[in-house]
Amino acid sequence: MKNLAALISGILFGLGLALSGMTDTSKVIGFLDITGHWDPDLIWVMASAVLVSVGLTPLILRRARPLLAASFSVPASSGIDRQLILGAVIFGCGWGLFGYCPGPAIAALPLGDTGTVVFLLCMILGMWLSQLPVGKPDLTATTKQS
Amino acid sequence: MMMLFLLGRVAGISGIFWAGLVGPERSWRLMFIAGLALGGLSAYQIVGLPLPTTPQQPLWLAALAGILVGAGTRIGSGCTSGHSVCGIGRRSPRSLAATMVFISAGIATVYLTRHLMG
């Protein structure tokens, strides 16, 4: 049942991403290109997704528990730290460079474009690299210094 | 929203994807990822959405961007779906900050690569 729910949520999400144009890298780059030929379409996609989420999330979290699981498991919010900002900067650079964030890249994978396959394989590599123990002491060290 | 309502989980794609590869409880995560691809496929095959007419970009660029997106989403604990959609929905100041930072970094990158360099 949980698997089915996850599958259907995924399908809806993928469908939405493709239909809204998020899987089209030139459209995403056009959206980020505010100093050139700015294509503001995707702002409506983001704004409506955020509005739905802002409206419904509190209603859902007010329930005692989710329908198919024992409890809610939402990220514990801690402060805005250096690691969050650093990660967001790195992610934003990659996003602007090619026009893919993780969801749209996965949704576009069945189109079989070589660029998408390379992007996703390297995304896994990047995720793996960031987990290496070598990177971690450095990050905590920089956080402590501040 | 459906994920939160049914499973009590935030639909952050980068997190689900990574934990689907290495984490515990992989099955629902892999189903979600499979659904994403299936949803994308049906938009093009069933709904009949025209294929993106994106000019072919060099593969080294795809590789570099992939590494940055992969590492950045892990270090910054989330991508567009987790921070901008789910996080702002939960009114998380962290997610709002992350969203503003990665959109700015994206805009800066496009400016650098498309206007100053190319």
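What share of the contacts in chain A with a separation of 6 or more is accounted for by residues 24 or more positions apart? In this predicted model, such residues account for 40% of those contacts in chain A, and for chain B the corresponding share is 30%.

## The two chains

Chain A has 146 residues, of which 42% count as buried, and its secondary structure consists of 7 helices and 0 strands. Read from the N terminus, the elements of chain A therefore give the pattern α-α-α-α-α-α-α, where a helix is a run of at least four residues. Chain B has 118 residues, and 56% of them count as buried. Its secondary structure comes to 6 helices and 0 strands, which along the sequence are arranged as α-α-α-α-α-α. The C-alpha trace of chain B spans about 45 × 40 × 25 Å along its principal axes.

## Where the chains meet

In the contact between the two chains, 92 residues of chain A touch 88 residues of chain B. Together the two chains bury about 7,800 Å² between them, and 78% of this buried area lies on carbon and sulfur atoms. Three residues, Phe91(A), Leu97(A) and Met127(A), supply 9% of the area that chain A buries against chain B, which is more than any other three residues supply.

Polar groups also take part, for there are 12 residue pairs in polar contact across the interface of chain A and chain B, with both residues of each pair at pLDDT 80 or more. On the side of chain A that touches chain B, the elements giving two or more residues are helix 1, helix 2, helix 3, helix 4 (82-98), helix 5 (102-108) and helix 6 (114-131). Sorted by class, this side of chain A has 59 nonpolar, 27 polar and 6 charged residues.

## Salt bridges

Side chains of opposite charge can pair when their charged atoms come close. Over all chains the count is 4 salt bridges, and between chain A and chain B the count is 2 salt bridges.

| Residue | Partner | N to O distance |
|---|---|---|
| Lys2(A) | Glu25(B) | 3.9 Å |
| Arg94(B) | Asp81(A) | 3.7 Å |
| Lys27(A) | Asp39(A) | 2.9 Å |
| Asp41(A) | Lys27(A) | 2.9 Å |

Consider the pair in which Lys2(A) forms a salt bridge with Glu25(B). Lys2(A) lies in helix 1 (residues 2-20) of chain A, whereas Glu25(B) lies in the loop between helix 2 (13-22) and helix 3 (26-45) of chain B, so this pair joins two chains. Lys2(A) counts as partly exposed because its relative accessibility is 33%, and Glu25(B) counts as partly exposed because its relative accessibility is 43%.

Within chain A, Lys27(A) and Asp39(A) meet in a salt bridge through their side chains. This pair links distant parts of the chain, with Lys27(A) in helix 2 (residues 25-32) of chain A and Asp39(A) in the loop between helix 2 and helix 3 (41-61) of chain A, 12 residues apart. Asp39(A) is partly exposed, its relative accessible area being 21%, a value that stands just outside the buried class because buried means under 20%.

Lys27(A) also forms a salt bridge with Asp41(A). Since Asp41(A) lies in helix 3 of chain A and Lys27(A) in helix 2 of chain A, the pair ties together parts that are 14 residues apart in sequence. Asp41(A) has a relative accessible area of 40% and is therefore partly exposed. Through shared partners, these salt bridges join Lys27(A), Asp39(A) and Asp41(A) into one network.

## A serine in chain B

Is Ser81(B) buried or exposed? Ser81(B) counts as buried, because its relative accessibility is 5%, and this residue lies in helix 5 (residues 80-89) of chain B. A polar atom of the side chain of Ser81(B) lies 2.8 Å from the backbone nitrogen of Ile13(B). Leaving aside residues up to four places away in sequence, Ser81(B) touches Phe13(A), Ala11(B), Gly12(B), Ile13(B) and Cys86(B).

Definitions and conventions. Residues numbered from 1 in each chain as written. Chains lettered and ligands numbered in written order. Predicted model: local features only at pLDDT ≥ 70, side-chain atom pairs only at ≥ 80, totals over all residues. Heavy atoms only, no water. Buried < 20%, exposed > 50% of the residue type's maximum accessible area, 1.4 Å probe, protein only. Contact = heavy atoms within 4.5 Å. Buried area = accessible area lost by both parts, 1.4 Å probe. Polar contact = N/O pair within 3.5 Å; in protein donor to acceptor, adjacent residues only side chain to side chain. Nonpolar A, V, L, I, M, F, W, Y, C, P; charged D, E, K, R; others polar.
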